[in-house]
Amino acid sequence: MTPVTTGALLGLVLALSALIFGFWGFILVALFMAIGAVVARIASGELDLGNIVNAFKGRSTS
């Protein structure tokens with residue numbers, strides 16, 4: 001799927017959630033989508049959780 005198609009589908013889901021559930025439903029759906037994206041990146045190996053933890057602890061290496 002191209003980034004344009006993904007963005008359009010994401011916009012559609014968020015717009016429908018705002019119309020159906022209101023503002024707080026929109027926020028909740030956006031939060032769950034962001035959490036799902038982070039979990040998917042960790043599972044696929046694109047995001048290293050250890051480096052993020054070390055960065056927050058001040059032990060980042062660059």
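**Exercise 1. Determine which backbone atom the side chain of Ser17 reaches, and at what distance.**

Solution. Step 1: The side chain of Ser17 reaches the backbone oxygen of Leu14 at 2.8 Å. A polar contact is a pair of N or O atoms within 3.5 Å; within protein, one must be able to donate a hydrogen and the other to accept it, and residues adjacent in sequence count only if both atoms are side-chain atoms.

Step 1: The model is predicted, so local features need pLDDT of at least 70 and side-chain atom pairs count only at pLDDT 80 or more, whereas totals for chains, interfaces and linings use all residues. Residues are numbered from 1 along each chain as its sequence is written, and side-chain values use heavy atoms, with hydrogens and water left out.

Step 2: Ser17 belongs to helix α1. Helices (H or I, at least four residues) and strands (E, at least two) are DSSP runs, numbered from the N terminus.

**Exercise 2. State whether Ser17 is buried or exposed, and list its contacts beyond four places in sequence.**

Solution. Step 1: Buried means under 20% relative accessible area, exposed over 50%, and partly exposed in between (1.4 Å probe, protein chains only). Ser17 has a relative accessible area of 4%, and therefore counts as buried.

Step 1: Contact means heavy atoms within 4.5 Å. With neighbours within four places in sequence left aside, Ser17 is in contact with Gly22, Phe26 and Val29.

Step 2: Leu14 and Gly25 in α1 are buried as well as Ser17. Of the 62 residues of the protein chain, 5% count as buried.

**Exercise 3. Find what span a straight helix of 42 residues would have, and what span helix α1 has.**

Solution. Step 1: The expected span of a helix is 1.5 Å times one less than its number of residues.

Step 1: A kink of about 135° in α1 is centred on Phe21. The bend at a residue is the angle between axes fitted to the seven residues ending there and the seven starting there.

Step 2: Phe21 has 57% relative accessibility and so counts as exposed.

**Exercise 4. Identify which residues form the aromatic pair, and give its geometry.**

Solution. Step 1: Rings of Phe, Tyr and Trp (its six-membered ring) pair if their centres lie within 6.5 Å; planes under 30 degrees apart count as stacked, over 60 as edge-to-face and the rest as tilted.

Step 1: The structure holds one aromatic pair. Its members are Phe23 and Trp24, 5.0 Å centre to centre with 75° between the planes, an edge-to-face arrangement.

Step 2: Phe23 and Trp24 are both exposed.

**Exercise 5. Describe the start of helix α2 and the residue just after α2.**

Solution. Step 1: Helix α2 covers residues 49-57, and at its start a side-chain oxygen of Asp48 reaches to within 3.3 Å of the backbone nitrogen of Gly50.

Step 1: Just after α2, Gly58 takes a positive phi of about 90°. Just after α1, Gly45 takes a positive phi of about 85°.
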